Amino acid sequence: MSRRGRIVLSAALCAALALVWARSTAEAPVTPSDPAFVARIELTGPIGPAAAEYVDGAIQRATDDGAKAIVLQLDTPGGLIESMRDIIAHILAAKVPVLGYVAPAGARAASAGTYILYACPIAAMAPATHLGAATPVDLGGGTPMPSPLGNGLPTSSRSTNKTAPGAGSPEDAESNKVLNDAIATIRSLAQMHGRNAAWAEQAVRGAATLTASEAATQHVIDFVAPDTASLLDQADGRAVRMGEQTVTLTLRNLSVRDYPPNWRARFLGIITNPTIAYVLLLAGIYGLILEAFHPGTFFPGVVGGICLLIGLYALQLLPVSYAGLILMALGVALLLAETFVPMAGVLGVGGVIAFVLGSIMLFRTDVPGYTVNLGVIAGIAFSGLVLLGLLLRLVMRARRARAFNGDEHMLTTKGELLQAVTAGGESWARIGGERWRVRSEAALPAGTPVRVVSRQGLLLRVTAAQAGEGESS
């Protein structure tokens, strides 16, 4: 594609993106005649930066549109600490009541979801749902989380550390601080809305869980509601605390308006998927490498630069292990070194091993959905091994290749005319696998086997080869 074609294509792509942005951000104007309604925000899947931005933006838009209340429908296994803290802050600062609702049937509000549900002025669950398991989880190794608000869904109950403050190892003391801070946080949320603070502590300390009916019985939630209409009916007339005020809800028979994620939240949701961020990072690195080896092609460099910047932006939003990132960089460097300093595959194999280990270690978290797909890592590692094998084969083939230099060697080389030549004229011949300009004293047709008799710079003098002589290998 020509440079002008690439410019036109880029301009068309920018125009299409601008059109999508304009359509996605356009909102229907709200007039005073609009009927009262309740906004619904569906928070599904792992809680991350995209989820936090979605909840913040949706709460703001619903408030501006005049919603009487907001239903925050939860189905999450947990999430990242900073994102969860942002969501809780938005709920507590909302100007309209937020009704936390774990739905549909089979959904859960585990780990970070339990904190979010406790932060809502009204908490409800659909039948066949559950909540709990809010014990803080380490991001990896022996380093505890740097925050009290939990960070994912643990796979088993975490035992309470009985070591007194200041006793034992520093890790034990820090774990105690994290656990105690988490307990204080969820107890304060429970006390704010008059819920069971003792069970909230048990959910953090012992990873306790409850079904919907059990949660209602133990006053962990306000009630069980099979659907959104029942939720609004049961919440109608209840008094909830909004900051320093007490508000009585009037929600019966109100319509429900959904607030889906906007384009920015969807985009963040895509790029903050660890597998997508991982692929973007690799695409950026290899795009820049291709541009370095083939300068002037532009396309690999432009695409690679964009992918690298987006991948790095996504990584700074995710819990990244810098040891894994350094191992990945070392792996790529060793693979490049193998192309310049062939070491019979030693550097290349070491690079593949370092790359795979770094990819596995890149994201240190137990939150479901926040790990790189092992199939993608295996596929990229296999491709690296295949390319390494091809490179070694080319190197060995080059070492076995016969030397092709010097006039003495040229005089023993034979080839084939590619075009007919007149007596004393010049033409082209394939000699030694290369195209050479040749001159012949006799007229010869195309395809005639020829033999080099002398060389003058880049011009070869040839004559017809004897019968039975062919092109040299």
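## The nonpolar cores

The largest nonpolar core in this predicted model has 56 residues, and those with the most contacts inside it are Leu72, Ile116 and Leu131. A nonpolar core here is a set of buried Ala, Val, Leu, Ile, Met, Phe, Trp, Tyr and Cys residues joined through side-chain atoms within 4.5 Å. Buried means under 20% relative accessible area, exposed means over 50%, and partly exposed is in between (1.4 Å probe, protein chains only). Helix α2, residues 49–64, gives the most to this core, with seven residues. A second, separate core has 22 residues, including Ala50, Leu280, Ala314 and Leu318.

Let's look at one of the core residues. Which residues does isoleucine 116 contact, leaving aside its neighbours within four places in sequence? They are Leu43, Ile47, Leu72, Leu74, Met84, Ile87, Ile88 and Ile91, where contact means heavy atoms within 4.5 Å.

## How to read the model

Local features in this predicted model need pLDDT of at least 70 and side-chain atom pairs count only at pLDDT 80 or more, while totals for chains, interfaces and linings use all residues. Residues are numbered from 1 along each chain as its sequence is written, and side-chain values use heavy atoms, with hydrogens and water left out.

## The whole chain

The protein chain contains 15 helices and 16 strands. These are DSSP runs numbered from the N terminus: helices are H or I with at least four residues, and strands are E with at least two. Of the 473 residues in the protein chain, 41% are buried. Take the contacts between residues at least 6 apart in sequence: 64% of them join residues at least 24 apart.

## Two helices side by side

Helix α3 (residues 81–93) packs with helix α4 (residues 112–119) at an angle of about 10°, and their axes are 9 Å apart. That makes α3 roughly parallel to α4. Axes are lines fitted to C-alpha atoms, for helices over the stretch in contact, and angles run from 0 to 180 degrees between N-to-C directions. Angles under 35 degrees count as roughly parallel, over 145 as roughly antiparallel, 65 to 115 as roughly perpendicular, and the rest as oblique.

On the α3 side, the contact is made by Met84, Ile87, Ile88, Ile91 and Leu92, and on the α4 side by Ala112, Tyr115, Ile116 and Ala119. What classes of residue make up this contact? It has nine nonpolar, no polar and no charged residues. Ala, Val, Leu, Ile, Met, Phe, Trp, Tyr, Cys and Pro count as nonpolar, Asp, Glu, Lys and Arg as charged, and the others, Gly among them, as polar.

Threonine 135 sits in the loop between β6 (130–132) and α5 (170–192). Is threonine 135 buried or exposed? Its relative accessibility is 1%, so threonine 135 counts as buried. The side chain of threonine 135 reaches the backbone oxygen of valine 204 at 2.7 Å and the backbone nitrogen of alanine 207 at 3.2 Å. Alanine 133 also lies in the loop between β6 and α5. Alanine 133 has a positive phi of about 55° although it is not a glycine, and at 10% relative accessibility it counts as buried.

Alanine 128 is in the loop between β5 (122–125) and β6. Its phi is near 65°, a positive value in a residue other than glycine. With 61% relative accessibility, alanine 128 counts as exposed. Now find proline 104, in the loop between β3 (98–102) and β4 (108–110). The peptide bond from alanine 103 to proline 104 is cis, with omega near 0°.

## Apart in sequence

Valine 376 lies in helix α14, residues 374–400, and counts as partly exposed at 25% relative accessibility. Valine 376 and tyrosine 278 are 98 residues apart in sequence, and their C-alpha atoms are 9.3 Å apart in space. Leaving aside neighbours within four places in sequence, valine 376 is in contact with Thr275, Tyr278 and Val279.

Glutamine 60 is in helix α2 and is partly exposed, with a relative accessible area of 44%. Glutamine 60 and valine 96 are 36 residues apart along the chain, and 9.9 Å separates their C-alpha atoms.

Conventions. A polar contact is a pair of N or O atoms within 3.5 Å; within protein, one must be able to donate a hydrogen and the other to accept it, and residues adjacent in sequence count only if both atoms are side-chain atoms.
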